[in-house]
Each structure stands twice: as structure tokens, then as C-alpha cells.
Amino acid sequence: MDSSTGERVVIALGGNAMTGPDGSAAPREQAAAVARAVEQVADLAAAGAGLVLTHGNGPQVGNLLIKNQLAADVVPPVPLDWCGAQTQATLGVLIMNALERSLAARGARRPVATVVTRTLVDAADRAFADPAKPVGRYFPAAEARRFMAIGQSWRAFGERGWRRVVASPEPLEVLDAGAAEALLTTGHVVVCAGGGGVPVVRDGDGGLRGVEAVVDKDLAAQLLARRLGAATLVIATDVPNVEVGFGTPGARPLHRTTSAELGLLAAAGHFAGGSMGPKVEALRRFVAGGGRRAAITSLDRIADAVRGKAGTIIEE
């Protein structure tokens, strides 16, 4: 990447970037994990890229849901969209602090800002009729029944117990992308659309209201990247490459591919629906929508992936 161009790059940090190595979401472990995750980002920011960061928030929302359940007899539980907004702000502050510290260590200065972001979904999306996205931890049946009595959907997962399930509707528009655009033009690194953004629907009077749902963060990231005219979208996860035949003796890493080839592989069932599938689909949509380069790689290879030198690279 030519740092003088300041071309725009969107980086989606996976949930493993926000927790300790053992998955711990204790505050100290979260802060340390974020500090590690932004090291590669700081190199790109110091080089002059127009950077936008998105991030996962599953463990953090899960913790808030636990607090909701344990304290339900003391304070009213807050809805899922409120949990999403709270974690966007919390993680945004952690990322801002860590990135500013990393930039200072490189002798560089860039302003960093967080935009708590809403994502528009369709109230008639069929996902609302059949909630299937698990959130929070596993609980005994008695606890699940207590919350089903107030209108929540829960499903049994065998011996592991019961888990709440919510809708995961298709993201239609990142509504606050204009704020990110304005900040980018003034040189800011922008953190937004965390956790896919707070899901909202438009009522008959044109007003917006939050809904109990989860938006896939990678599908939201590609919408955001296209809206901002980004040249590159990188999804950072816990593996260096996408694998064809994952979990089989014939598994092999994909290095360079096209959106058409990925489509054929996806149709053949190579990418699991709950993990790699949405990531692959997000990159396909970004490149098909005019993006120059998309990549999936591990956190420690983000900068190389932006340059097209690491991970699974998708270009037309």
C-alpha cells in the first residue's frame, strides 16, 4: 500500500480480539487483548491509511445478558439493542485508548473517534419469525422457562443446556456511516458498527426503534466499506486462511481466489454457516460491489493482508 494515497481500509476485528487467550472477558483481559489487536492497525494508521475499524461484541453482550438474568428481580432487564449500544461504546473507548498509545510509541499522531452506530433492518425480515442466533450462556431448563414466560425465545442444546436465541436479520444500511465519512475526511481513525451496529427498524411514521436482534458484524462491515468507498476490507479472525475441506484429511488453505470461485465453494458446502460462511459471503459481496481487495487472515497478519501479501485474498 502506498501510504501517500491515504486510501480507505475497513478492518473487522473478530471477537477473539476482545477477550483473553482463554476467552475471558474480564476487564483487564479485554484491555490487554485490544492492546495486542491494534498493533497491526497502528502500523497502517501511522502509514497514512484512511482507517475504519469494526469489531465483535459477543462475549461482552453475553456478560450483560447474564447480569440481566441474575438481577431481573432487582432491576428491569434492558433489551438486547441497549446491550449492543453499551458494548459499542465500551469497546470503542478501549480501542481508542490502545490505538493512541500504540501510535505514540511509533512517534505518530492520529485522532481516533468512536461512532455508536445503528444498522437498519427490515421489520418483515423472515429471521424474526424463526429466531436462531444463540446469545449468552447455557442455562438449566428452569431458568430458560423463567425468561420464556416474559416473551424470550430459548432452545435446548442437548446436555449443554438451554440458550437464548434471537433473530439475525439481513443488514440493509449502516445509518450513521455519514458521521464516519465526516470524521475520515478530517484524518480520524474511526471505530464504528461494532457488533454489526444496533439493529433498528423504521416505523410507519418514519421513526426508528431498536429491536431485539443481532446483526452479523461482517455483513454490516461490507455494507459500511462499500458506503465509504473503501478499497480494501479485511476480516481478522483466529485463523491465517480460509480452508477448503475444513476438518477433513484433504483440507487445504486458500491463498488467492475470486468472488466467483468462493461462490462455487460455498455452494458446495465448504464454509460453515455459523462461522466462516458469513465472513466469506461478506467478502464476496464487497468485491462484487466494486471493492478492490478483500481478505481473511489472523490478527497478526492484518497489515500484510491489506497489502495483499497474507491470508486468503479475494480480487477480481
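Glu281 and Arg284 form a salt bridge, with N and O 2.8 Å apart. The structure is a predicted model. Both residues belong to helix H8. They are 3 residues apart, about one turn of the helix. Glu281 is partly exposed, at 25% relative accessible area. Arg284 is partly exposed too, at 24%.

Searching the whole structure gives 20 salt bridges. Another of them pairs Asp218 with Lys279, whose closest N and O atoms are 3.6 Å apart. Asp218 sits in helix H6 (residues 217-227) and Lys279 in helix H8 (residues 276-288), so this pair ties together parts that lie 61 residues apart in sequence. Are these two partners buried or exposed? Asp218 is buried, with a relative accessible area of 2%. Lys279 is buried as well, at 15%. The cut-off for buried is under 20%.

A further salt bridge links Arg307 and Asp304, with 3.8 Å between the closest N and O atoms. Arg307 is partly exposed at 30% relative accessibility. Asp304 is partly exposed at 27%. Elsewhere, salt bridges with shared partners join Glu170, Glu281, Arg284 and Arg285 into one network.

| Salt bridge | N to O distance |
|---|---|
| Glu281 and Arg284 | 2.8 Å |
| Asp218 and Lys279 | 3.6 Å |
| Arg307 and Asp304 | 3.8 Å |

Why can such pairs form? Side chains of opposite charge can pair when their charged atoms come close.

Now the sheet. How many strands form the open sheet, and in what order? There are 8 strands, ordered S3-S9-S2-S1-S12-S16-S17-S15. Their pairing is mixed. The edges are strand S3 (112-115) and strand S15 (256-257). Each of these edge strands has a single partner strand, so one side of each lacks a neighbour in the sheet.

Inside the order, strand S2 (residues 50-55) and strand S9 (residues 189-192) run parallel. They are joined by 2 bridges. Across this pair, Leu53 stands opposite Val191 in S9.

Helix H3 (residues 80-105) packs on the sheet. Which strands does helix H3 touch? The helix touches S2, S3 and S9. The direction of helix H3 makes about 170° with that of S3.

Technical notes. Residues numbered from 1 in each chain as written. Predicted model: local features only at pLDDT ≥ 70, side-chain atom pairs only at ≥ 80, totals over all residues. Heavy atoms only, no water. Salt bridge = Lys/Arg side-chain N within 4 Å of Asp/Glu carboxyl O. Helix = DSSP H or I, 4+ residues; strand = E, 2+ residues; numbered from the N terminus. Buried < 20%, exposed > 50% of the residue type's maximum accessible area, 1.4 Å probe, protein only. Pairing = 2+ DSSP bridges. Contact = heavy atoms within 4.5 Å. Axes fitted to C-alpha atoms, helices over the stretch in contact; angles between N-to-C directions.
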